[in-house]
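Please consult the sequence and the structure while reading.

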Amino acid sequence: MYCVLRDQAPGYATRNTSEDRIFLPWLCGINGMPPEPPPQPPLHRRALAPMLSLLILLGAIWLARPDGRLRVTFLATAGDAILIQSPAGRFALIDGGNDPTILTTQLGKHMPFWQRKLAAVLLTAPDGQRLPGQVAALARYRPALAIAPADMPRSGTANEWRRLITTQRIPATALRTGIKLDLGGAALHVLDANPDGAVLLITSGATRVLLHTGGSAGDPVALALAGAPLDLLAFPWQRELENTPIDALQQRRIVFTTAHSVDEPALRSYAERQRYSPAIYHPKVNGSIVFISDGRRTWVETEQE
């Protein structure tokens, strides 16, 4: 290919080398003259895309604003992981499950994308079914308070939990009976803390959610709530049902949890379990389970029907 450069005398031609082939067609254009630059869209059109992006972002923030409802979400992960969203829009994470990747993915689904703060993280037992996911949450989110059993082991994942708490200078306290967290329109009460787990009560107005996800050591405390109905009870799937709190409490709904295990799991069908409540749920069947209260009504939404 030959082209005539504009600053050369007529009749002088330059053969473009392989090195020049990329540039000369643009430089020479047609008949050796530089091409006209492509027309630019008007200024108002160029500003349209950023404005639309900003509107979409503002719309997402508006839709994710606090709506005055309590949400207790049982995240779809192996082990136990429970996310509380208070009516004021504050978040607290209880346990974390055994899969760090799934836990962070689930938090991303159920929290606003810009939210990187938690009111608290609470660990009921430092085992492999609760701790790994919480460590992943600490690496991504900053809680205002961390609560964990005083007898945390000095090795492995527990050491990473401690390291994250220390490096981020997060206030930490030992899990103990009597702790109460004000989450803004809702409160989290530690009714019992023992080596087998904890018994927690979430209250918001007249709404009551009991989390009894450990062993039998917490049964006497849970039974003390038998006088009034519970909107929801969380209880281990493997535990026996007869002669336990689930047999005595007046629960409207039951979410069965998976972290706690026993040597001889209760072999009960879904139909048998519905004796204790007509509305029963399990993360392996329903995916993420979201209990919602607006102060007057309570209902449950699930990821899978």
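Two strands are said to pair if DSSP finds at least two bridges between them. In this predicted model, strand E18 (residues 289-293) and strand E19 (residues 298-302) meet that condition, because they are joined by 5 bridges in the antiparallel sense. Within this pair, Ile 289 stands opposite Thr 302 in E19. The hairpin of E18 and E19 has 4 residues between the strands, and Gly 295 takes a positive phi near 95° there.

E18 also pairs with strand E3 (residues 70-74), where Arg 71 has Ile 292 as its bridge partner.

| Strands | Sense | Bridges |
|---|---|---|
| E3 and E18 | antiparallel | 5 bridges |
| E18 and E19 | antiparallel | 5 bridges |
| E9 and E10 | parallel | 3 bridges |

These pairings belong to an open sheet of 8 strands with mixed pairing, in the order E10-E9-E7-E5-E4-E3-E18-E19. Its edge strands, E10 (172-174) and E19, each pair on one side only. On average, neighbouring strands of this sheet are turned by 15° against each other, direction ignored. Helix H4 (residues 100-110) packs on the sheet and touches E3, E4, E5 and E18. The direction of H4 makes about 20° with that of E4.

How many residues of E18 are buried? The count is 5 of its 5 residues. In a regular strand, side chains alternate between the two faces of the sheet. In E18, Ile 289, Phe 291 and Ser 293 lie on one side and Val 290 and Ile 292 on the other, and both faces are covered.

Technical notes:
Residues numbered from 1 in each chain as written. Predicted model: local features only at pLDDT ≥ 70, side-chain atom pairs only at ≥ 80, totals over all residues. Heavy atoms only, no water. Buried < 20%, exposed > 50% of the residue type's maximum accessible area, 1.4 Å probe, protein only. Helix = DSSP H or I, 4+ residues; strand = E, 2+ residues; numbered from the N terminus. Axes fitted to C-alpha atoms, helices over the stretch in contact; angles between N-to-C directions. Contact = heavy atoms within 4.5 Å.
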